[in-house]
Amino acid sequence: MCREEIRKAKAQLELRPATVVSDSKKCFYKYINNKKRAKESLHPLLDIGENIANKDKEKGEVLHAFFASVFNSQIGYSQGSQHPVQEDMEGEQKKPDITQEEAVNDLLRHLDAYKSMGPGGIHPKVLKELVEELAKPLSIFYQQSWLTGEVPDDWRITSVTPIFRKGRKEDPGNYRPVSLTSVLGKIMERLILSALTRHVEDNQGIRPSQHGFMKGRSCFTSLIFF
């Protein structure tokens, strides 16, 4: 009877993460990680001089040097430069799109409360619950950033995790950097993506036959169309 009760309790414990996985992926992966027998550590890496880096600090420096070497620092606008002014068909100047408070409000309401807060230190659940108080001031911040081309330094700080792809584990070039950025910075990225997508679609820069990298489209929709 004791074994039967333990078996039932274990089944209920395992059933909960499975039933709430659609709403709380964090709970599911937390259960999976607790079942792992050993934590995976980063494999020793080779630096530029073909020396083995075994300590965590040395591995971080090797990966940092490699990721910085392949990063393209050439950007279209220097920091502090003014946003380009568009011109219409008659040559009249048009002001850039202004970030609407309604758009910021909608993005805050649809934040995943179970996501990590990132290096910014502000949890998505807090932003979601204070949407009425934060939508207007954040829209002013985003609009000013859009017009001046400047981004707050706090939004540029990221927590980088190296993910092994394939090949030799000693080669730092076989690792892909995955960045965890600030939630407020991610919202800004969504606003810019929305503006760029709307601009390209309104000016027919994307053909109707395009399915890749399009919202609501995928390889599956392309096959159906084909």
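Modeller: A crossing of two helices is called left-handed if the near helix is turned anticlockwise from the far one by less than a right angle, and right-handed if it is turned clockwise. With that term in hand, we may turn to the structure, which is a predicted model.

Let us begin with the setting. The protein chain holds 8 helices and 6 strands. Along the sequence these elements follow the pattern α-α-β-β-α-β-β-α-α-α-β-β-α-α. The chain has 226 residues, of which 19% are buried. It exposes about 18,100 Å², and carbon and sulfur atoms supply 55% of that area. Among contacts between residues at least 6 apart in sequence, 50% join residues that are at least 24 apart.

Two packed helices are described by the angle between their axes and the distance between the axes.

The opening pair is α4, residues 101-109, with α6, residues 131-148. Their axes come within 8 Å and cross at roughly 125°. An angle over 145 degrees would count as roughly antiparallel and one from 65 to 115 as roughly perpendicular; α4 and α6 are therefore oblique to each other. Their crossing is right-handed. On the α4 side, the contact is made by E101, V104, N105, L108 and R109, and on the α6 side by V131, E132, L134, A135, K136, L138, S139 and Y142. Sorted by class, this contact comprises 7 nonpolar, 2 polar and 4 charged residues.

The next pair is α4 with α7, the helix of residues 183-202. Here the axes come within 11 Å, and they cross at roughly 125°. α4 and α7 are therefore oblique to each other, and α4 passes α7 in a right-handed crossing. From α4, the residues A103, V104, L107 and L108 meet I187, R190 and L191 of α7. This contact of α4 with α7 divides into 6 nonpolar residues, no polar ones and 1 charged.

The remaining pair is α6 with α7. These two helices pack at an angle of about 60°, with their axes 11 Å apart. Angles under 35 degrees count as roughly parallel, and the roughly perpendicular range begins at 65; α6 and α7 are therefore oblique to each other. The crossing of α6 and α7 is right-handed. In α6, L138, Y142, S145 and W146 take part, and they meet L184, I187, M188, L191 and I192 in α7. By class, the contact of α6 with α7 has 8 nonpolar residues, 1 polar and no charged.

Some residues return from one pair to another. V104 and L108 of α4 take part in the contact with α6 and also meet α7. L138 and Y142 of α6 belong to the contact with α4 and to the one with α7. Likewise, I187 and L191 of α7 meet α4 and α6.

I122 is found in the loop between α4 and α5, the latter being residues 124-129. At 33% relative accessibility, I122 counts as partly exposed, because that term covers values between 20% and 50%. I122 and V183 are 61 residues apart in sequence, yet their C-alpha atoms are 7.4 Å apart in space. Leaving aside its neighbours within four places in sequence, I122 is in contact with M117, L127, V183 and L184. Of these, L184 also figures among the α7 residues that meet α6.

Key. Residues numbered from 1 in each chain as written. Predicted model: local features only at pLDDT ≥ 70, side-chain atom pairs only at ≥ 80, totals over all residues. Heavy atoms only, no water. Axes fitted to C-alpha atoms, helices over the stretch in contact; angles between N-to-C directions. Helix = DSSP H or I, 4+ residues; strand = E, 2+ residues; numbered from the N terminus. Contact = heavy atoms within 4.5 Å. Nonpolar A, V, L, I, M, F, W, Y, C, P; charged D, E, K, R; others polar. Buried < 20%, exposed > 50% of the residue type's maximum accessible area, 1.4 Å probe, protein only. Areas by Shrake-Rupley, 256 points an atom, 1.4 Å probe, with all protein chains shown as cover.
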